[in-house]
Each structure stands twice: as structure tokens, then as C-alpha cells.
Amino acid sequence: MTMHLLRPLALFLAAYSLHLGYITVFYHRALAHRAVRLQPATLRFVLATGNWVTGLDPKAWACMHRMHHAFSDGPDDPHSPAQAGVLGVLVAQLRAYERTLYGLLGRHPDYLRHVQDLDFPVHWLNRHGLWWLPYALHTAAAVLLGYAGGWGFGLAYFAGLMSHPIEGWVINALGHAVGPRNFETPDDSRNPWLAALLIGGEGLQNNHHRFPGSARFSYRWWEPDAGFMLCRALEKAGALTIDHGRLLPRPGPPVIPTTQA
Ligand SMILES: [Zn+2]
Ligand SMILES: [Zn+2]
């Protein structure tokens, strides 16, 4: 592969990893589930920068996600393929995010009750109607990068950082529609392996719905979970603490049938 392609690819991977790290470790495993505890300085950093980097409000994201667990695949699930259809999840998740954000801003009890323990407000960008500003800035940065380094460069930056609608659709739709299950759960959650590989372990929805408080989503050794590897690296760096007491168990040894003598 020529440098012509390698450099945009490297930029895409860097931007995608940054975005995914925020969503899977900070928003999902830390804020929504408290499967990891952020150090106070890390929490302040995430709350200050998260909305700028991802374009998504940390409190609204956590609220919508907790509603997904509370009503999983039922009529009130914000983004279920059982309700909206596999393709319909693409739009349903965007509408649900918008509803949740305005529900929190309007102090609607149906939303507030899910995030009573999160003692931080909706980000000031959203309180002041400036939800579009991070998107505008990332678009401007992509255009500048395009001018400076070629359009592939600008596109790689934007696609990597702003991949959440596609990534969300893969997890929310396919993670509840295709792939094997390790556990009987009341929802339709599944473990699509490729989605888990590409999206930091987030594809392992069935494992995650069975053990939502576990920072590790992988159950079997071949189930990839880069998000948990990042949690461990950040724990070593002193940025957060994994709740080791709530990690999902490893599979037990296979049951070997005994033969009667
Ligand atoms: Zn799910
Ligand atoms: Zn979750």
C-alpha cells in the first residue's frame, strides 16, 4: 500500500479510536454503567471534552442507554430492531437521542429518573442550543485538512471522528438481531463477532445485557473486546478503576459425561 493511502488510513484509525474510546470506555462503561470508576480529574476531563470530541452529550447518551437496558427490545426501547426494524434503527436512534436530550433539558421525569445519580448537568453547548457547534468545527477541520493534505485526509478525519450513526446502528441493530447468544436474556441481544472486533467489544450485546455492570464484555476467549483492554491500560495509568467485583465470570470447564462402570 502506498503512503498515499496509508496516511489517510492512519488518520482514520486514530480519529476512530479516539471517538470509540470516549464512547465505549467513558460514556458506556463508566457513566452509563459505573463498571469503571473515573478518577475525579478524568471525570472533569470527560465532561469538559466529551461533547466536543463526539458531538454527543454525555448525560443524554447515558440516559438513552440506560433506557435501552431498562426497556430492552420492548415498546419503550429507544432503538430496538424488534420495534423499528433493522434498517429503521438508523433513524430511531437519532430521534431517540434528540428526544432524550430535550427530555432532560425540559426536566421531564420520564428521563430524569434514569440519571438521578449522575450529578452533572447536560453540557452547556446543549443548554444553549449549540449542539451543532462541534459538528461545524469538525467539518471545518476536515475541510482544512482536505486543503492541506488532500481530500482523503479530510474525509478520513471526519469519518473516523463522526462515525457514531453507523457504529450505533451496527451495535443497536445487529447486536440485537444477528449472531450467537451465550446467555438466556429476556431481550433479543446477541454477540455478532465481527461487530465486536470492529467496535471495541460493543458488539457483544448478549454478554453485556446479561452482565451490564461488567467492564469486560467478552465471555469466551475468542470474543474480542478492545474496550476492556483500553480500560486496563487506563487503570494502569491511574485514570480510572475497574470494578473487578462485577466482572462477568469465565466459562466453566466443559461438563464431561461420566460413564457407569
Ligand atoms: Zn443492547
Ligand atoms: Zn450498556
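Q: What covers the buried residues of helix 5?
A: This is a predicted model, and in it the cover over the buried residues of helix 5 includes helix 3 (58-70), helix 4 (81-84), helix 6 (109-112), helix 7 (124-127) and helix 10 (164-174).

Q: Which residues of helix 5 are the buried ones?
A: They are Val89, Ala92, Gln93, Ala96, Tyr97, Thr100, Leu101, Gly103 and Leu104. Looking down the axis of helix 5, these buried residues fall within an arc of 165 degrees, so they line one face of the helix.

Q: Nice. And how far apart are the end C-alpha atoms of helix 5?
A: They are 24 Å apart. Helix 5 has 17 residues (89-105), which at 1.5 Å a residue should span 24 Å, so the two values agree.

Q: Where does arginine 34 lie, and what is its phi?
A: Arginine 34 lies in the loop between helix 1 and strand 1 (36-38). Phi of arginine 34 is near 55 degrees, a positive value in a residue other than glycine. Arginine 34 is partly exposed, with 17 other C-beta atoms within 10 Å. As background, most residues other than glycine have a negative phi.

Q: Back to the helices that cover helix 5. How many residues of helix 3 are buried?
A: 11 of the 13 residues of helix 3 are buried, so helix 3 is largely enclosed by the rest of the structure. Among them are Trp61, Cys63 and Met64, along with Lys59, His65 and Arg66. From first C-alpha to last, helix 3 reaches 18 Å, close to the 18 Å expected at 1.5 Å a residue.

Q: And which residues are buried in helix 10?
A: In helix 10 they are Glu167, Gly168, Trp169, Ile171, Asn172, Ala173 and Leu174. What covers them includes helix 4, helix 5, helix 11 (193-198) and helix 12 (205-210).

Q: Let's zoom out. How many helices and strands are there in the protein?
A: There are 13 helices and two strands. The radius of gyration is 19 Å, close to the 18 Å that the globule rule gives for 261 residues, so the protein is as compact as a globular protein of that length. Along its principal axes, the C-alpha trace spans about 80 × 55 × 40 Å.

Q: What share of the residues counts as buried?
A: That share is 44% of the 261 residues. On the contact side, take pairs of residues at least 6 apart in sequence: 61% of those contacts join residues at least 24 apart.

Q: Which residues have the most contacts inside the largest nonpolar core?
A: Those are Tyr27, Cys63, Tyr157 and Cys231, in a core of 56 residues. The largest share of this core, 13 residues, comes from helix 1 (residues 3-32).

Q: What does tyrosine 157 contact, leaving aside its neighbours within four places in sequence?
A: Tyrosine 157 is in contact with Leu11, Ala15, Ala141, Ala142 and Leu145.

Q: How about phenylalanine 158: buried or exposed?
A: Phenylalanine 158 counts as buried, with 20 C-beta neighbours inside 10 Å. Its place is in helix 9 (residues 151-161). Leaving aside neighbours within four places in sequence, phenylalanine 158 is in contact with His138, Thr139 and Ala142.

Q: One more pair: how far apart in space are histidine 244 and alanine 35?
A: They are 8.4 Å apart, C-alpha to C-alpha, and 209 residues apart in sequence. Histidine 244 lies in the segment after strand 2 (240-242) and is exposed, with 10 other C-beta atoms within 10 Å.

Q: Last one, then. What does glycine 146 touch, not counting residues up to four places away in sequence?
A: Glycine 146 touches Trp151, Phe153 and Gly154. It sits in helix 8 (residues 133-149) and is partly exposed, with 17 other C-beta atoms within 10 Å.

Definitions and conventions:
Residues are numbered from 1 along each chain as its sequence is written. Chains are lettered from A and ligands numbered from 1 in the order in which they are written. This is a predicted model: local features need pLDDT of at least 70, side-chain atom pairs count only at pLDDT 80 or more; totals for chains, interfaces and linings use all residues. Helices (H or I, at least four residues) and strands (E, at least two) are DSSP runs, numbered from the N terminus. The expected span of a helix is 1.5 Å times one less than its number of residues. A residue is buried if 20 or more other C-beta atoms lie within 10 Å of its own, exposed if 12 or fewer, and partly exposed in between; C-beta atoms are placed from the backbone. The arc is that of the directions from the helix axis to the C-beta atoms. Two residues are in contact if their C-beta atoms, placed from the backbone, lie within 7 Å. The radius of gyration is taken over C-alpha atoms; the globule rule is 2.2 Å times the number of residues to the power 0.38. A nonpolar core is a set of buried Ala, Val, Leu, Ile, Met, Phe, Trp, Tyr and Cys residues joined through C-beta atoms within 7 Å.
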